[in-house]
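Subject: Handover of a structure and the findings on it

Dear colleague,

Please find below the structure that I am handing over to you. I would ask you to keep it open while you read the notes that follow.

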Amino acid sequence: MRTLVLHAGDHTAGPYGIDLLPGPGFPVTGIRPRVAGCHGSCGTSWSTGPTRWWTCPQGRARGAERELVLGLLEPVTALAAQLKRRDVPPYAGTPLVMISCWLAEWIRRADPDRRRALVRRFSALDLILTLSRNQIDILVDAGFRADQVAAIPFGCAPELFTDDGTERAIDVLAAGFDHGRDYGTFFRGVRDLRTTVHVLCQDANLAGIRVPDNVVVHGVVPFDEYRAMLRHPAEPAARIAGTED
């Protein structure tokens, strides 16, 4: 099945094992949406914030006839979903699938008007693949059809994280910057431990939270550095000061 992948990075390097699709017979073509300011015609743009716009290259997409369109996460899939809802090629008549990370959390936190807007924005998707089964009820309750949502099992590529025999200097590593991360509770649980805890996350995850003395915050690091931190000693990093939560 010829697959068109909408992505924000290099689809041949993943994520989510997208690079493995050609092996079992799913030839993949990737399209990377362009991020630009809103000027001229914004008819093909979707705002993810006050100054960021994802613009889908319709010309390239229209010339790439595919049997399936796969969107890697919400920002790069939202416009395709709206174009499909309006019967715009190449999305009209082509199954559109999205791997979702944040939609259920957005809906859970949204007021009723915002919730309806989110459902309408993604309503034309043929299938929403969540990374957790507990998101299915949230999406269905918001208005998506039960047959429109499914969960895919979480997994990892063990060959990427195999211990290489190097003496480990990190006892505890917490990594993640999803919207629902609760580092305040985590810090209260580890602050009295006699061990150093390393954390990978965004500054926004720690807003208003006091970082314990035994926690080292590295921010967001490249994937290769993240992998190395699971396998090798880490370089010292400065702690990020905060305020008491």
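Strand 11 (residues 197-200) and strand 12 are paired in the parallel sense, over four bridges. Two strands count as paired if DSSP finds at least two bridges between them. Strands (E, at least two residues) and helices (H or I, at least four) are DSSP runs, numbered from the N terminus. Within this pairing, valine 197 has valine 215 of strand 12 as its bridge partner.

Before going further, please note that this is a predicted model, in which local features need pLDDT of at least 70 and side-chain atom pairs count only at pLDDT 80 or more, while totals for chains, interfaces and linings use all residues. Residues are numbered from 1 along each chain as its sequence is written, and side-chain values use heavy atoms, with hydrogens and water left out.

Aromatic residues

Helix 6 (residues 183-190) contains both tyrosine 183 and phenylalanine 187, four residues apart, about one turn of the helix. Both residues are buried; the term means under 20% relative accessible area, whereas exposed means over 50% and partly exposed lies in between (1.4 Å probe, protein chains only). Tyr183, Phe186 and Phe187 form one aromatic cluster.

How many aromatic pairs does the structure hold? There are four. Rings of Phe, Tyr and Trp (its six-membered ring) pair if their centres lie within 6.5 Å; planes under 30 degrees apart count as stacked, over 60 as edge-to-face and the rest as tilted. Tryptophan 102 and tryptophan 106 form a stacked pair, at 6.3 Å centre to centre and with 20° between the planes. The pair of tyrosine 183 and phenylalanine 187 is tilted, at 6.0 Å and 40°.

Strand 6 (residues 68-72) is mostly covered, with five of its five residues buried. On one side these are Leu68, Leu70 and Leu72, and on the other Val69 and Gly71. In a regular strand the side chains alternate between the two faces of the sheet. Strand 6 pairs in the parallel sense with strand 1 over four bridges, and valine 5 has leucine 70 as its bridge partner there. Strand 6 also pairs with strand 7 in the parallel sense over four bridges, where the bridge partner of valine 69 is leucine 96.

The nonpolar cores

A nonpolar core is a set of buried Ala, Val, Leu, Ile, Met, Phe, Trp, Tyr and Cys residues joined through side-chain atoms within 4.5 Å. The largest one has 27 residues, and Leu103, Leu139 and Phe144 have the most contacts inside it. Helix 2 supplies the largest share of this core, six residues. Apart from it lies another core of 13 residues, including Ile18, Leu68, Ile99 and Leu131.

Salt bridges

The structure holds five salt bridges, each defined as a side-chain nitrogen of Lys or Arg within 4 Å of a carboxyl oxygen of Asp or Glu. Arginine 109 and glutamate 105 meet in one of them (2.5 Å, N to O). These two residues are four apart in helix 3, and are therefore separated by about one helical turn. Arginine 109 is exposed, at 54% relative accessible area, whereas glutamate 105 is buried, at 17%. Glu105, Arg108 and Arg109 are linked in a network of salt bridges.

In helix 4, arginine 116 and aspartate 113 are three residues apart. Their side chains meet in a salt bridge (2.4 Å, N to O), and both residues are exposed.

Yours sincerely
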